[in-house]
Amino acid sequence: MYFLRFLIFIISIYLLYKLFKAIRQLKLAKIKNYHFPSSTASGEDLVEDPACHTYIPLSQAYRKEISGNTQYFCSKRCCDKYESEKNM
Ligand SMILES: [Zn+2]
């Protein structure tokens with residue numbers, strides 16, 4: 001009976017490991033999808049959003065010319081926020 005118990009022990013360790021891996025992948029996917037709806041091509045230039053200070057790939061950034069300078073935002077919402085804060 002010792003062998004059977006040992007087998008159950010191994011299986012539960014294996015299942016825990018699988019569960020841990022699945023949770024980790026889920027977290028990574030969430031982080032990736034937070035500001036990058038589609039996957040980012042590696043080597044692409046990143047620009048900083050001055051409103052929320054996250055980095056967005058140039059091709060996906062929301063552009064807006066503010067007092068002669070082109071600013072890049074992660075979304076229109078951040079752009080509006082930034083502009084309203086500047087005007088205050
Ligand atoms: Zn933003």
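Colleague: Let's start with H53. Is it buried or exposed?
Modeller: H53 is exposed, because 9 other C-beta atoms lie within 10 Å and the cut-off for exposed is 12 or fewer. Bear in mind that this is a predicted model.

Colleague: Noted. Where does H53 sit?
Modeller: H53 is in the loop between β1 (46-48) and β2 (55-57). Its phi is near 60°, a positive value in a residue other than glycine.

Colleague: How do β3 and β4 run, and how many bridges join them?
Modeller: They run antiparallel, and five bridges join them. Together β3 and β4 form a hairpin with two residues between them, and S67 is in the turn.

Colleague: Which residue of β4 is the bridge partner of I66?
Modeller: That would be N69.

Colleague: How many of the five residues of β3 are buried?
Modeller: Zero, so β3 lies largely in the open.

Colleague: Let me zoom out. What's the overall pattern along the sequence?
Modeller: The chain reads α-β-β-β-β-α, with two helices and four strands.

Colleague: What share of the 88 residues is buried?
Modeller: 11% of them count as buried.

Colleague: What about contacts between residues at least 6 apart in sequence: what share joins residues at least 24 apart?
Modeller: For this chain the figure is 20%.

Colleague: Switching to the inside, which residues make up the largest nonpolar core?
Modeller: There are eight: A51, I56, A61, Y72, F73, C74, C78 and C79. Both β4 and α2 (76-87) supply at least two residues each to this core.

Colleague: I'm curious about F73. What is it in contact with, leaving aside neighbours within four places in sequence?
Modeller: F73 is in contact with D49, A51, A61, Y62, K64, C78, C79 and Y82. Among these partners, A51, A61, C78 and C79 belong to the largest nonpolar core, as does F73 itself.

Colleague: Great, so what should I keep in mind about the hairpin and the core?
Modeller: For the hairpin, remember that zero residues of β3 are buried and that S67 in the turn has a positive phi of about 40°. For the core, remember that β4 and α2 each supply at least two residues.

Colleague: Thanks, that helps!

Key:
Residues are numbered from 1 along each chain as its sequence is written. This is a predicted model: local features need pLDDT of at least 70, side-chain atom pairs count only at pLDDT 80 or more; totals for chains, interfaces and linings use all residues. A residue is buried if 20 or more other C-beta atoms lie within 10 Å of its own, exposed if 12 or fewer, and partly exposed in between; C-beta atoms are placed from the backbone. Two residues are in contact if their C-beta atoms, placed from the backbone, lie within 7 Å. A nonpolar core is a set of buried Ala, Val, Leu, Ile, Met, Phe, Trp, Tyr and Cys residues joined through C-beta atoms within 7 Å. Two strands pair if DSSP finds at least two bridges between them.
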